[in-house]
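Student: I have a chain open in the viewer and would like to go through it with you. Could we begin with a helix end?

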Amino acid sequence: MPAAVPDLSPAELARYSRHLMLGEIGLAGQRRLAAARVLIVGAGGLGSPAALYLAAAGIGTLGIADFDRVADHNLQRQLLHDHASVGRPKVDSAADRLRATNPFIRIVVHPEGVTVANAVELFAGYDVIVDGTDNFSSRYLNNDAACRAGKPLVYGSVFKFDGQVSVFDPAGGGPCYRCLFPEAPAAGAVPGCGEAGVLGALCGVIGSLQALETVKLVAGFGTPLRGRLLVYDALNQNFQTFNLPRVPHCTACGPAAARGPLDPARYAAACAPPVQAVSASMSEPEYPLEISVAAARDLRRAQPDRTVLLDVREPYELAICRLPDARAIPLREIPDHIGDLPRDQHLLVLCHHGSRSLRVTEYLRDQGFAAVTNIAGGIDAWAQEIDPSLARY
Ligand SMILES: [Zn+2]
């Protein structure tokens, strides 16, 4: 990957001997690891195992970006820090631990964290970015900056007992995070920013997988999770992998993607307090702008011929879960299908959490459809309140 590949000292050769024995890594691969520059964004639940394994693996320059300080409730899963480091900046606690783990590598701290102002330039100085952040605004910021810097982003996320891993690498031909989720869920629609619980060891699984993918990318062996999403269900001990198509007109990695500085307005809202999504602009009083999943189910049962369920999620999402009687048209293809949609039936629009479907509902009303209603909470609420057999993601 990088041009200058350093020689390894006898002490380093001894330290990394279990890597050197692997034909897929060997001396050449270990030297690539030593020459690599990897940035870990977030020294928390995912960043901890990722950083520890990458330091031990001999990544030559390991950057740690985090603006936060260690709190006692972090210690349940953030293994870079210990009881004595509560109150210290996380980057300092992490640097001490990683230097103790491997004195042959360089640790660079970025105590300001990743911001809209510094992200693209910061990422440009590294070969691989590891996303260990825990909220949507940071994820979109990391994705958009990595796209602009042309660097692979090793994505991981955890929620309660579920985890996801992928490699977003448009420069290598794969999709990005916005190909997967074009926009952030409605503010308040998804718990994030530390308000949902998470199993500590789950972070170990996902963060370790991120380290593993990073080592593969740098040393150049195996098949990376580029264009695939690994979904882990810790409750039932189940891994599944879904293919992720690249979206041709993606706003982050497509040909028309914005260049230049990032727009701060795009990354501010995802952690804001919940907002009331229902507006007063109804075309007709008998068709509300938004209804609950229970009300949507009751309408479908009462008037199966007069209602149409319209699922506007992406194909890979349909592969995870879908309602059997729904008609599927992804959000971005809706404008091309205006002529196919019935105007004499009541359209009930569904997505993952209710944000994209609300946009489609408002769009169709602007196009003259009177009988269009958003299903609040989307298929995730459907899975929670109506049909627990549906897979959640
Ligand atoms: Zn994209």
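Student: What follows H9, and is its phi positive or negative?
Tutor: H9 is followed by Gly220, whose phi is positive, near 80 degrees. Helices here (H or I, at least four residues) and strands (E, at least two) are DSSP runs, numbered from the N terminus. This is a predicted model, in which local features need pLDDT of at least 70, side-chain atom pairs count only at pLDDT 80 or more, and totals for chains, interfaces and linings use all residues. Residues are numbered from 1 along each chain as its sequence is written.

Student: How many residues has H9, and how far does it reach?
Tutor: Helix H9 covers residues 200–219, which makes 20 residues, and spans 29 Å from its first C-alpha to its last. That is close to the 28 Å expected at 1.5 Å a residue, the expected span being 1.5 Å times one less than the number of residues.

Student: Changing topic, what is the strand order in the open sheet of 5 strands?
Tutor: The order is S9-S13-S12-S10-S11, with parallel pairing; two strands pair if DSSP finds at least two bridges between them.

Student: Which strands stand at the edges?
Tutor: Strand S9 (290–291) and strand S11 (327–328) do; each has a single partner strand, so one side of each is left without a neighbour in the sheet.

Student: And how many bridges join S9 to S13?
Tutor: There are 2 bridges between S9 and strand S13 (residues 372–375), and the two strands run parallel. Glu290 stands opposite Asn374 in S13.

Student: Which strands does H10 touch?
Tutor: Helix H10 (residues 293–302) packs on the sheet and touches S9, strand S10 (307–311), strand S12 (346–350) and S13. Contact requires C-beta atoms, placed from the backbone, within 7 Å. The direction of H10 makes about 135 degrees with that of S10. Axes are lines fitted to C-alpha atoms, for helices over the stretch in contact, and angles run from 0 to 180 degrees between N-to-C directions.

Student: What about H12?
Tutor: Helix H12 (residues 355–366) also packs on the sheet, touching S9, S12 and S13, and its direction makes about 170 degrees with that of S13.

Student: Finally, where are the domains, and how far apart are their centres?
Tutor: The domain assignment, which is automatic or from a database, gives domain 1 (10–271) and domain 2 (290–385). Their C-alpha centres lie 34 Å apart. The contact takes 12 residues from domain 1 and 9 residues from domain 2.

Conventions: Contact = placed C-beta atoms within 7 Å.
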